[in-house]
Amino acid sequence: MRGLKVLPSGRPGRGRLYVNLPDGQAVAWYDRQTNRISVLADQHREAVLAALRPYLAGPYTVGPPPVPTPADLRRLALPPDEDLAPNRPGEALLGELEHGSAGSRARHRLRQDLTAQQRMGDLLDSLEPEDWRVLHSVPLPGLGRIDHLLMGPAGIFCIRTLPGRKQRAAVGDLLLTVGRAEPRPDPRWIRRAAAAATRALAAPVLPALALVDASRIEVAPTVRDIHILEPATTPAHLAAAPTTLKPPDIEALFTQARTTRTWLPPHLYGPSRTRRRTAPTGLRPRTNGA
């Protein structure tokens, strides 16, 4: 059968591959972790195998899908243009660099922010085999975007990532200072973002600041509610945290969080991916003042 489309469920190389009819209805999916093809409509079996053949790695099995969970049903019904899972680390910054201000100083800061988000995002993506799920560039009306939303055994983390620029970083209750730059209200912002995410997901979300390439980090003793992360120590930090979520809960939360409907009012999401990639009306772009 002609016209079948193969679409990823997440970032390239991760998650499942879905085979859809021209009208968007899923007829099969390929789970790359188990090398299993689940076929929803047996009359499309041969066409599905032909469409997936370029993506298959090693021996695979084919059969009917397991009984779908509620999370599976919601994921299958999610239009691709409302799916946040394909977002790359620094997705919003990539658009700003391509279409934003031509000022060299502003672009230099954007590149520093993008490099930090990409490095931290790649590290968080690498945790997926350990039952973690992550989304990047999640929109929050009135606050901008969450750089990374991490869900796993230790809970849900709302992460703001900042470049350390190989300088000393000082984290206080309200302000963050990197080197001799002007203090920024990132600790206050990440608390507000985590509170907004908690309301959206109806589950506790923990605030976290990730500092990339800081020469050293000093944290005020009164900062007890914000997790301070660095690329080198993040896996150990998360592994040492107590387990609060089981795998089915993580998958259900990930399914809920990956759709724009969870985060944006109905008039701000729509069928156009272009609308989602750019900051909708009411979303303030990320600035040094947060």
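1. Asp83 sits in the loop that runs between α2 (70-76) and α3 (91-99). Helices here are DSSP runs of H or I with at least four residues, strands are runs of E with at least two, and both are numbered from the N terminus. The model is a predicted one: local features need pLDDT of at least 70 and side-chain atom pairs count only at pLDDT 80 or more, while totals for chains, interfaces and linings use all residues. Residues are numbered from 1 along each chain as its sequence is written, and side-chain values use heavy atoms, with hydrogens and water left out.

2. Asp83 is buried, at a relative accessible area of 8%. The terms are set as follows: buried is under 20% relative accessible area, exposed is over 50%, and partly exposed is in between, with a 1.4 Å probe and protein chains only. The side chain of Asp83 reaches the backbone nitrogen of Ala85 at 3.0 Å. Asp83 also joins Arg258, side chain to side chain, through a polar contact of 2.8 Å. A polar contact is a pair of N or O atoms within 3.5 Å; within protein, one atom must be able to donate a hydrogen and the other to accept it, and residues adjacent in sequence count only if both atoms are side-chain atoms.

3. Another loop residue is Arg32, between β3 (26-31) and β4 (36-39). Arg32 is partly exposed, with a relative accessible area of 27%. Its C-alpha atom is separated by 7.7 Å from that of Leu17, 15 residues apart along the chain.

4. For the chain as a whole, there are eight helices and 13 strands. Of the 290 residues, 48% are buried. Among contacts (heavy atoms within 4.5 Å) with a separation of 6 or more, 58% are between residues 24 or more positions apart. The accessible surface comes to about 14,500 Å², with 56% of it belonging to carbon and sulfur atoms; areas come from the Shrake-Rupley method with a 1.4 Å probe, and for residues only the protein chains shown count as cover.

5. Three strands form an open sheet in the order β10-β9-β12, with mixed pairing. β10 (176-178) and β12 (216-219) are at the edges and have a single partner strand each, so one side of each has no neighbour in the sheet. β9 (residues 168-171) pairs with β10 in the antiparallel sense over three bridges, where pairing requires at least two bridges found by DSSP. Ala169 has Val178 in β10 as its bridge partner.

6. The largest nonpolar core has 36 residues, and those touching the most other members are Leu135, Leu149, Met151, Ile156, Cys158, Val205 and Trp263. Such a core is a set of buried Ala, Val, Leu, Ile, Met, Phe, Trp, Tyr and Cys residues joined through side-chain atoms within 4.5 Å. Elements giving two or more residues to this core include β6 (133-140), β8 (155-163) and α7 (247-257). The largest share, seven residues, comes from α5. Apart from this core lies another, of 16 residues, among them Leu124 and Val134.

7. His148 lies in strand β7 and counts as buried, at 0% relative accessibility. Its side chain and that of Thr161 are joined by a polar contact of 3.0 Å. Leaving aside neighbours within four places in sequence, the contacts of His148 include Gln117, Met120, Leu124 and Phe157.
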